[in-house]
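The sequence and the model are shown first.

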Amino acid sequence: VGVSKVITKLTAPMPGLIRTIVVAEGQEVKKGDVILILEAMKMENALKSPADLVVKSIKVQQGQAVEKNQLLIEFE
């Protein structure tokens with residue numbers, strides 16, 4: 001019996017600056033879709049959807065500084 005982990009949120013993998021938010025609340029995303037761009041240590045990191053999900057709420061704004069493990073996006 002395979003137990004699938006339900007993914008409900010996207011957190012920051014490192015401290016950085018939210019450069020671009022690609023998705024909107026209520027939008028369906030597919031696994032591998034770019035959700036937002038996080039700039040850290042002068043590099044832009046594309047954070048991608050871990051699965052096929054629906055964006056429930058966006059907890060950050062463009063230009064906002066975030067800490068490691070900070071909640072960025074919640075999924076339904």
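A nonpolar core is a set of buried Ala, Val, Leu, Ile, Met, Phe, Trp, Tyr and Cys residues joined through side-chain atoms within 4.5 Å, where buried means under 20% relative accessible area with a 1.4 Å probe, protein chains only. The model is predicted: local features need pLDDT of at least 70, side-chain atom pairs count only at pLDDT 80 or more, and totals for chains, interfaces and linings use all residues. Residues are numbered from 1 along each chain as its sequence is written, and side-chain values use heavy atoms, with hydrogens and water left out.

The largest nonpolar core holds 18 residues, and those with the most contacts inside it are Ile18, Leu36, Leu72, Ile73 and Phe75.

Strands (E) are DSSP runs of at least two residues, and helices (H or I) of at least four, numbered from the N terminus. The protein chain has 0 helices and 8 strands. Leaving out residues up to four places away in sequence, Leu72 touches (heavy atoms within 4.5 Å) several residues, among them Leu10, Ile18, Leu36, Leu47, Ile58 and Val66.

Of the 76 residues, 32% count as buried. Contacts between residues 24 or more positions apart make up 54% of those with a separation of 6 or more. The C-alpha trace spans about 45 × 25 × 20 Å along its principal axes.

Notes:
Buried means under 20% relative accessible area, exposed over 50%, partly exposed in between (1.4 Å probe, protein chains only).
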